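These are my notebook entries on a single chain.

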Amino acid sequence: MASPGFFTCMLLALFIGIWPCHAQNVTLSVYYETLCPYCSDFIVNHLVKLFHSRLFSIVNLRLVPWGNAVLQSDGSFLCQHGPDECLLNTIEACTISVYPNEEQHLTFILCLERLASANKLNEWINCFNTTGLATVPIDCYKSGYGNVLENQYAAETAQLDPPHKFVPWVLVDGQPLQEDFKNFVTYVCNAYKGEQVPEACHPLPLMNNSLKKATPSYPVCYAT
């Protein structure tokens, strides 16, 4: 009999439009906003570990660029860090949609978030050249389809249970890591039940029984 996780993966593929999950892989979901400096730091300095030691081989990555934004009654977006964040959230949503390969769109998002960290946002369009991707996501944004994607992400974020308290808000197989999000590799390795354990998991201590709420605390962007 197929596992509940399998059916969850298929539902995500049907209704959210992500690629089908690989059997036994761990789902890593990251709810974030583009101009939160702590989200940028997490993506650039921690999430990048997915490229190391074959971690991508056991992870189904879901990036959700909405964060603490608010959907207003007239259908417009109010973003925590202003209109530029609304623009870039939508560009990243379009990039995820146009380039569903996880390694491909994460490479673009890494480029953009590095620029955000360096206060070089005016150069974000160069990330298409840097990563070798076509500028189709800009067409997605201009056509209004990016707003459709952001509305979907807004609804998904609003349905989180428990609700997110801050971003980055990181889940492993649906379990929020709370304040311990930077240690996501340990949680991913602990949750993985397959046989092809990547090298990155071998030196890490496994936690007993289930994911545990963390005691470490890192700076975050709190929901308002």
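I took helices (H or I, at least four residues) and strands (E, at least two) as DSSP runs, numbered from the N terminus. The torsion about the S-S bond is -70 degrees, and the link of Cys94 and Cys140 is left-handed. Cys94 is buried at a relative accessible area of 0%, and Cys140 is buried at 8%. Here buried means under 20% relative accessible area, exposed over 50% and partly exposed in between, with a 1.4 Å probe and protein chains only.

I note that the model is predicted: local features need pLDDT of at least 70, side-chain atom pairs count only at pLDDT 80 or more, and totals for chains, interfaces and linings use all residues. Residues are numbered from 1 along each chain as its sequence is written, and side-chain values use heavy atoms, with hydrogens and water left out.

**Other cysteines.** I searched the whole structure and found 5 disulfides. Among them is the bond between Cys111 and Cys127, with sulfur atoms 2.1 Å apart. Its S-S torsion is about -85 degrees, so this disulfide is left-handed. Cys111 lies in helix α4 and Cys127 in helix α5, so the pair ties together parts 16 residues apart in sequence. Cys79 and Cys86 also form a disulfide; the torsion about their S-S bond is about 120 degrees, so that disulfide is right-handed. Is Cys39 bonded to Cys36, or are their sulfurs too far apart for a bond? The sulfur of Cys39 has its closest cysteine sulfur in Cys36, at 3.6 Å, which is too far for a bond. Cys39 counts as buried at 1% relative accessibility.

**Helix α4.** I checked the length of α4 (residues 102-117): its 16 residues should span 22 Å at 1.5 Å a residue, and its end C-alpha atoms are 22 Å apart, which agrees. The expected span is 1.5 Å times one less than the number of residues. At the start of α4, a side-chain oxygen of Asn101 comes to within 3.1 Å of the backbone nitrogen of Glu103. Just after α4, Asn119 has a positive phi of about 55 degrees. The buried residues of α4 include Leu106, Phe108 and Cys111, and their cover includes β1, β2 and α3.

**Core.** I recorded 68 residues in the largest nonpolar core, where Leu28, Leu47, Leu50, Leu61 and Phe184 have the most contacts. Such a core is a set of buried Ala, Val, Leu, Ile, Met, Phe, Trp, Tyr and Cys residues joined through side-chain atoms within 4.5 Å. The most residues in this core, 8, come from α4. The contacts of Leu61 (heavy atoms within 4.5 Å) include Glu102 and Leu106, its neighbours within four places in sequence being left aside.

**Two residues.** Thr130 lies in helix α5 and is exposed, with a relative accessible area of 60%. His164, in the loop between α7 (145-158) and β5 (166-167), counts as buried at 15%. The side chains of His164 and Asn68 are joined by a polar contact of 2.8 Å. A polar contact is a pair of N or O atoms within 3.5 Å; within protein, one must be able to donate a hydrogen and the other to accept it, and residues adjacent in sequence count only if both atoms are side-chain atoms.

Definitions and conventions:
A disulfide is a pair of cysteine sulfur atoms within 2.5 Å.
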